[in-house]
Amino acid sequence: LLFGAKTAVLIPHLTTYAACIALFSLTTLIVNYHLAKRQYLFPVLAIFTAIAMACGITLFHSSIREITYVIFYSSLISFDVIGLIHALKMYKPVSYV
């Protein structure tokens, strides 16, 4: 192992965590696009999902597995909500304040 025997506990969670980071990166890409267009709904939604993630980790932190799942589901929900609003906005321009 690269970092020793203590990191063997983390190996089963790497694929889930990699999926979390991929979803987070795609969501950040969409948020930055709309932020450059001065559409502030998307960063506000991202802040709310970050707060939800922090609350989820606060409530469910008894194991690495729980923390990984909280991050995964909050990233998935964030990507779904922001991606859906992005898709709707691209097809039907609506003015968001």
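Biologist: Which residues make up the largest nonpolar core?
Modeller: Six residues in all: Ile30, Val31, Phe42, Leu45, Ile82 and Ile85. Keep in mind that this is a predicted model.

Biologist: Which helices supply residues of this core?
Modeller: Helix H1 (14-36), H2 and helix H3 (64-91) do, and each gives at least two residues.

Biologist: Pick Val31. What is Val31 in contact with, leaving aside neighbours within four places in sequence?
Modeller: Val31 is in contact with Phe42, Pro43, Ala46 and Ile82. Of those, Phe42 and Ile82 are listed in the core as well.

Biologist: And Gly83? Where does Gly83 lie?
Modeller: Gly83 lies in helix H3.

Biologist: Is Gly83 buried or exposed?
Modeller: Gly83 counts as buried, because its relative accessibility is 18%, and the cut-off for buried is under 20%.

Biologist: What does Gly83 touch, not counting residues up to four places away in sequence?
Modeller: Gly83 touches Ile30 and Ser78. Ile30 is one of the core residues.

Biologist: How many residues apart are Gly83 and Ile30 in sequence, and what is the gap in space?
Modeller: They are 53 residues apart in sequence. In space, C-alpha to C-alpha, Gly83 and Ile30 are 7.4 Å apart.

Biologist: Change of topic: the surface. Which residues form a nonpolar patch there?
Modeller: Val44, Ile47, Phe48 and Ile51 form a nonpolar patch on the surface. Together they have about 380 Å² of accessible area.

Biologist: Where is Ile47 found?
Modeller: Ile47 is in helix H2, which covers residues 41-59.

Biologist: Is Cys20 buried or exposed?
Modeller: Cys20 counts as buried, because its relative accessibility is 1%.

Biologist: What about the accessibility of Cys55?
Modeller: Cys55 has 43% relative accessibility, so this residue counts as partly exposed.

Biologist: On to the loop between H1 and H2. What is the phi of Arg38?
Modeller: Arg38 lies in that loop. Arg38 has a positive phi of about 60°, although this residue is not a glycine.

Biologist: Is Arg38 buried or exposed?
Modeller: Arg38 counts as exposed, because its relative accessibility is 63%.

Biologist: And where is the place of Lys37?
Modeller: Lys37 is in the loop between H1 and H2 too. With 46% relative accessibility, Lys37 counts as partly exposed.

Biologist: How many Å apart in space are Lys37 and Ser62?
Modeller: C-alpha to C-alpha, Lys37 and Ser62 are 41 Å apart in space. In sequence they are 25 residues apart.

Biologist: Last one, Leu14. Where is Leu14 found?
Modeller: Leu14 is in helix H1. Leu14 has a relative accessible area of 48%, so it is partly exposed.

Biologist: How many residues apart in sequence are Leu14 and Met90?
Modeller: Leu14 and Met90 are 76 residues apart in sequence. Their C-alpha atoms are 34 Å apart in space.

Notes
Residues are numbered from 1 along each chain as its sequence is written. This is a predicted model: local features need pLDDT of at least 70, side-chain atom pairs count only at pLDDT 80 or more; totals for chains, interfaces and linings use all residues. Side-chain values use heavy atoms; hydrogens and water are left out. Patches are made of residues with over 30% relative accessible area and no salt bridge: like charges are joined within 9 Å, nonpolar side chains (Val, Leu, Ile, Met, Phe, Trp, Tyr) within 5 Å. Accessible areas come from the Shrake-Rupley method with a 1.4 Å probe; for residues, only the protein chains shown count as cover. A salt bridge is a side-chain nitrogen of Lys or Arg within 4 Å of a carboxyl oxygen of Asp or Glu. Helices (H or I, at least four residues) and strands (E, at least two) are DSSP runs, numbered from the N terminus. A nonpolar core is a set of buried Ala, Val, Leu, Ile, Met, Phe, Trp, Tyr and Cys residues joined through side-chain atoms within 4.5 Å. Buried means under 20% relative accessible area, exposed over 50%, partly exposed in between (1.4 Å probe, protein chains only). Contact means heavy atoms within 4.5 Å.
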